[in-house]
Amino acid sequence: MKITVIGAGNMGGAIIRGLVASRRLAPEDVTAVAVHDNTLNAMRALGVQATADAAQAVADADVVLLAVKPWLVESVAAQAAPAVRADALIGSVAAGIGFETLASHFGDKPLFRIMPNTAVTVGEGMTFITSQNASAEQAQVMTSLFEPLGMVMEVLEKQFEGCMALASCGIAYALRYVRAAMEGGIELGIPPLMAQTIVAQTIKGAAEILLRTGNHPEAEIDKVTTPGGITIKGLNAMEANGFTRAVIEGLKASK
């Protein structure tokens, strides 16, 4: 399978690095399209093909992923669409670009909206996929590209923006919690790097508990909140300062 990723910036580059690192595809079967020499050279260093010519890059591709900024999608799609193979699968990872816009350029080809988060670079991504005009087999082809990069979930298009807020924006929100906890740790006398390691491992462990057990978070919270203990005092102090409300409002603002 040959894949062309148009746009090799933060997200496109993360997908390419994840595919290469997971060995899902041979580097020579991946083509990156970018306009800046530094980006092109960085992609070539991974062993993938790299070019500034989108039309040339898509000519032999089985899968074409549009990973440019949302405001560039239409111009890039107009440039690439005439050269895309009739049987190619078209995916977009551009936020806010719906199927109507994609279909205006690619017609009735199998279309996919895809939203990974940047954790695909370490094989722990959360990727959402929704499709139009795609068979079950075609959907499985697209899904299989992202499965080595973490968890993949097929969702309805109406759920897409909410899922993006939880996972794509959620990476930043989780890391902001890490930063805040580090700062608290420093006040408690823990050196910064030591605090970062402790908090990161703690989050990783908490997430793994939920993924393995499927338990509601509150069930696990109950296990560490001894009556009159320090954990419940800390939780109550966080709530008094708006922790839950701040998270909910941040997510709602992300749609």
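Modeller: A salt bridge is a side-chain nitrogen of Lys or Arg within 4 Å of a carboxyl oxygen of Asp or Glu. By this rule the count comes to 10 salt bridges. The model is predicted, so local features need pLDDT of at least 70 and side-chain atom pairs count only at pLDDT 80 or more, while totals for chains, interfaces and linings use all residues. Residues are numbered from 1 along each chain as its sequence is written, and side-chain values use heavy atoms, with hydrogens and water left out.

Biologist: Where in helix 8 do Glu 208 and Arg 212 stand relative to each other?

Modeller: In general, side chains of opposite charge can pair when their charged atoms come close. Glu 208 and Arg 212 form a salt bridge at 2.9 Å, N to O. They lie four residues apart in helix 8 (residues 192–213), and therefore about one helical turn separates them. Helices (H or I, at least four residues) and strands (E, at least two) are DSSP runs, numbered from the N terminus.

Biologist: Is Arg 212 buried or exposed?

Modeller: Buried means under 20% relative accessible area, exposed over 50%, and partly exposed in between (1.4 Å probe, protein chains only). Arg 212, at 69%, is exposed, whereas Glu 208, at 34%, is partly exposed.

Biologist: Which residues of helix 4 are buried?

Modeller: An α-helix has 3.6 residues a turn, so residues three or four places apart point the same way. In helix 4 (residues 73–80), the buried residues are Val 73, Val 76, Ala 77 and Ala 80. Seen down the helix axis, these residues fall within an arc of 100 degrees, so they line one face of helix 4; the arc is that of the directions from the helix axis to the C-beta atoms. Their cover includes strand 1, helix 3, strand 4 and helix 5, where contact means heavy atoms within 4.5 Å.

Biologist: How many bridges join strand 5 to strand 6?

Modeller: Two strands pair if DSSP finds at least two bridges between them. Strands 5 and 6 run parallel and are joined by three bridges, with Ser 92 opposite Arg 113. Strand 4 also pairs with strand 5 in the parallel sense, over four bridges, and Leu 65 has Gly 91 as its bridge partner.

Note on methods:
Right-handed = clockwise from strand over helix to strand, strands pointing away.
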